[in-house]
Amino acid sequence: MKYSTRALLVGDAPPLSELTGIRLGGKPVAEIVLRDKTEVEQLPDLVAELGGLPAVLGKGSNIIAADEDLPLVLIRQEIREKVSFERHGVEVRAKAPAGLPLPALLNAAAAGGLGGLEGLAGIPGSVGGAVAMNAGSFGTEVGALLRSLTVFSPRLGLREIRADAEQAGTAATEFSYRRARCLGLPFGSPAPDAGEFPVLLLEAVFALSESSSASVRSRMRAVLAEKRLRQPVGAASAGCVFKNPAPDAPAGRLLEEAGMKGKTLGGMRFSSLHAGFLVNEGGGSCAAALELIETAVEAVKRHSGFTLEKEVCLWVRQ
Ligand SMILES: Cc1cc2nc3c(=O)[nH]c(=O)nc-3n(C[C@H](O)[C@H](O)[C@H](O)COP(=O)(O)OP(=O)(O)OC[C@H]3O[C@@H](n4cnc5c(N)ncnc54)[C@H](O)[C@@H]3O)c2cc1C
């Protein structure tokens, strides 16, 4: 531990292989753990003092990081606040801290008999990661449910923004397929050009609708059951590596048709259950993962003509 205040803990960071779902990645320069938002404005100076690029980590379920030491200062959140609910006309709004596990938000909504999030059942990660990635499944996307966000960046300051507002002609939030931006700035990941401090999400407010606990839970169970049948849910992975290039051309199917299902290299394997998931079978490396990803892109291009785009966040030197 380097030092701590009431709101911040600054210390050595464990390697990303201990913090990511796919169990890959070297050691960052340091980490800053945020315990409440009162001192968030100190982050830019602290990161500069520690000497790395700021990189926000949620639960690490969508990140593949380089094997070597990384020039990053991780920013993580361990904020103890819980989900709070407030009625707003016909909708009920759920406010959740960004560091909360997404499944905990779904369970709190289900306990309160509130519907809207059920399609997201089985997505690991945090509320912050779900917003930053515009996570979605079974027809539900996070961006469509958001009402407001509390964010911080040196340029924006600490502020609450309405999800549908505009500022100087720029939409406050833009959600596209597995990507999100806030007032034109990227969330979380170190920018490829390393120029801009990324936007840190601190809280998100979701619009839910009244239902019953029984029906919300039953829909969640159905979604989970479907996923357990088709996806390697318990394996060390970063979820689907590639975006679906078209609604009728899912990446998993294209990979399977191109012969990538079950393909292995150096401890990494395209899952035999769902070819879109790259799994670390133990002893895998980022180098092997990247090589397999490259091979897959070429194989799909050759076989079907589609150019696959990555869905996962790559924390590697470009
Ligand atoms: C088995 C499995 C199944 C999955 N299924 C799905 C699925 O059905 N649908 C889907 O969309 N995804 C799926 N994923 C991918 C992943 O779980 C989601 O993208 C998830 O929302 C990422 O959350 P996280 O907290 O782990 O984010 P991380 O992986 O830690 O980070 C992802 C990105 O979000 C940024 N970020 C994280 N927290 C914040 C914050 N507070 N402020 C700003 N930026 C932040 C990071 O900087 C990074 O750019 C799956 C993954 C696995 C392993």
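S137 is partly exposed, because 17 other C-beta atoms lie within 10 Å of its own. By the criterion used here, a residue is buried if 20 or more other C-beta atoms lie within 10 Å of its own, exposed if 12 or fewer, and partly exposed in between, with C-beta atoms placed from the backbone. The structure is a predicted model, in which local features need pLDDT of at least 70 and side-chain atom pairs count only at pLDDT 80 or more, while totals for chains, interfaces and linings use all residues. Residues are numbered from 1 along each chain as its sequence is written.

S137 is placed in strand β10; helices (H or I, at least four residues) and strands (E, at least two) are DSSP runs, numbered from the N terminus. Leaving out residues up to four places away in sequence, S137 touches G119, L120 and I123, where contact requires C-beta atoms, placed from the backbone, to lie within 7 Å of each other. R221 is 84 residues from S137 along the chain, and the C-alpha atoms of the two are separated by 14 Å. L120 lies in the loop between β9 (114-115) and α3, and it counts as buried because it has 24 C-beta neighbours inside 10 Å. Apart from neighbours within four places in sequence, the contacts of L120 are L102, L106, A135, S137 and T140. L120 and L224 are 104 residues apart in sequence, with a C-alpha to C-alpha distance of 9.1 Å.

The largest nonpolar core contains 92 residues, and those with the most contacts inside it are A94, L105, V131, L201 and A204. Such a core is a set of buried Ala, Val, Leu, Ile, Met, Phe, Trp, Tyr and Cys residues joined through C-beta atoms within 7 Å. Helix α7 (residues 286-304) gives the most to this core, with 8 residues. In soluble globular proteins, nonpolar side chains tend to be buried together. A94 touches V83, F85, L105, A109, L114, V205, F206 and L208, not counting residues up to four places away in sequence.

The buried residues of α7 are C286, A288, A289, L292, I293, A296, V297 and V300. Elements covering these buried residues include β5 (63-65), α6 (251-257), β21 (264-265), β22 (268-270) and β23 (277-280). α7 is followed by G305, which has a positive phi near 90 degrees. V279, in strand β23, counts as buried, with 23 C-beta neighbours inside 10 Å. Residues up to four places away aside, V279 touches P232, A235, A236, S237, R269 and S271.

The axes of helix α2 (residues 102-111) and helix α5 (residues 213-230) come within 8 Å and cross at roughly 145 degrees. Axes are lines fitted to C-alpha atoms, for helices over the stretch in contact, and angles run from 0 to 180 degrees between N-to-C directions. The contact is made by L106, A109, A110 and A111 of α2 and by S213, V216, R217 and M220 of α5. These residues divide into 6 nonpolar, 1 polar and 1 charged, where Ala, Val, Leu, Ile, Met, Phe, Trp, Tyr, Cys and Pro count as nonpolar, Asp, Glu, Lys and Arg as charged, and the others, Gly among them, as polar.

The ligand is surrounded by 34 residues, of which the closest are G58, G125, G128, G129 and G188; a residue is near a molecule or strand if its C-beta atom, placed from the backbone, lies within 6 Å of it. The elements that give two or more residues to this shell are α3 (127-132), β10 (136-137), β19 (200-210) and β20 (237-240). The largest share, 4 residues, comes from α3. The shell divides into 17 nonpolar, 15 polar and 2 charged residues.

N134, in the loop between α3 and β10, has a positive phi of about 45 degrees and counts as buried, with 21 C-beta neighbours inside 10 Å. L183 has a positive phi near 45 degrees and is placed in the loop between β17 (179-182) and β18 (185-186). L183 is buried, with 20 other C-beta atoms within 10 Å.

Technical notes. Two residues are in contact if their C-beta atoms, placed from the backbone, lie within 7 Å.
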